[in-house]
Amino acid sequence: MSAALIFFTEKLLEWNQESNTRTMPWKQEKDPYKIWLSEIILQQTRVEQGWPYYERFIQNYPTVSDLAAANEEEVFRLWQGLGYYARCKNMLAAAREITQTYHGRFPDKYEQINALKGIGPYTAAAIASFAFNLPYAVLDGNVFRVLSRFFGIETPIDSTAGKKEFAELAQKLLPKNASAVYNQSIMDFGATVCKPQLPECTSCPLQKKCNAYHQNLVSLLPIKSKKLQVKKRFFNYIIASFEDKVYIRKRINNDIWQNLHEFILIETPAAEDSTQILNSTDFQSIFGKQPFEVARVSKQFKQQLTHQTIHSQFINIEMEQPVEIPGYLLTERSTLDNFAFPKTITTFLQSKTGLLL
């Protein structure tokens, strides 16, 4: 191992022992189920946001067998607000696979862990090292950033060549007899010292040999080759009421919010006001000549996803007679709390214009 590699690992472990004060409920955890749960929750989620979800899941489903036997709707409701619901669906599938294939015992081999639904190389490495102290280096956003800056690597981290280069480097740096400690150290270091914005370079223990610091590249690294394209979508929700019931459905298509529920949806390519929506052919194809009254129209709601921005409005109408709408269920308003909805709908329901007020 070169002098730079040795310096990096030694200084990082030294920092962890003397200065790392970052606390999280899953740190030092050896139960692979709890480690896995924390990693799945924290994918695309900030620690501060994911922490209470982790604690609620552990309280409701203390073992992987408990999660595997859980009612899907209850699990989705517990997940509500975290987004990226495919993570939740894959988590349930993996829990059932562990129960069926491994009789409720979490597999202790990297290859078996990596093969579970929704688990990629990073999560598998985290579980393998933290739970079983196996020699696999983690490679998340924090690690990419720390390695890119310290070693001055300009290969894009989202390229095939970059992923290979960083993976090989991360594995070289890993002390084989202390993989769990090292992996936690480098992730914590990236989160608290070598931060994306305003990194603490002046007090950084790696500063002496940091390429980015000495070449004034800190703000430029790491490099990504692909620019994120954000798509705008416009959701017009019709909350059609008959007596004390409303229409909802479960989203089952291969799209965002799969397995969550929603009101009658008319999606348009651009923003339209309520008059345009109520006079549209889409609305007429659903309700025909059925008479109705407009009770109220909500303000615009906005939900930002990674690749999409969802603009929503909610139009409440009251009907004189129910109609058959394929795919939709006419359900009591009082039971809506039993269904999991996307964040934009729960935000609306909790607002002053919400249906439940």
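Residues are numbered from 1 along each chain as its sequence is written, and side-chain values use heavy atoms, without hydrogens or water. Because the model is predicted, local features need pLDDT of at least 70 and side-chain atom pairs count only at pLDDT 80 or more, whereas totals for chains, interfaces and linings use all residues.

The protein chain contains 15 helices and eight strands, defined as DSSP runs numbered from the N terminus (helices: H or I, at least four residues; strands: E, at least two). Along the principal axes, its C-alpha atoms fill a box of roughly 80 × 50 × 35 Å. Of the 357 residues, 48% count as buried (under 20% relative accessible area, with exposed over 50% and partly exposed in between; 1.4 Å probe, protein chains only). Among contacts (heavy atoms within 4.5 Å) with a separation of 6 or more, 68% come from residues 24 or more positions apart.

Helix α1 (residues 3–18) packs against helix α11 (residues 179–192) at an angle of about 80 degrees, with the axes 9 Å apart. Axes are lines fitted to C-alpha atoms, for helices over the stretch in contact, and angles run from 0 to 180 degrees between N-to-C directions. The two helices are therefore roughly perpendicular (65 to 115 degrees; under 35 is roughly parallel, over 145 roughly antiparallel and the rest oblique). From α1, the contact involves F8, T9, L12, L13, W15 and N16, and from α11, V181, Y182, S185, I186, D188, F189 and T192. By class, these comprise eight nonpolar, four polar and one charged residues (nonpolar: Ala, Val, Leu, Ile, Met, Phe, Trp, Tyr, Cys and Pro; charged: Asp, Glu, Lys and Arg; polar: the others, Gly among them).

Strand β1 (residues 231–242) has 10 of its 12 residues buried and is therefore largely enclosed by the rest of the structure. Strands pair if DSSP finds at least two bridges between them. Five bridges link β1 to the antiparallel β4 (residues 264–268), where I264 is the partner of I238. β1 also pairs with β2 (residues 245–250) in the antiparallel sense over two bridges; these strands form a hairpin with two residues between them, and E243 in the turn has a positive phi of about 55 degrees.

Zero disulfides were found in the whole structure (cysteine sulfur atoms within 2.5 Å). The sulfur of C201 lies 6.5 Å from its closest cysteine sulfur, in C204, and is therefore too far for a bond. C88 counts as buried because its relative accessibility is 0%.
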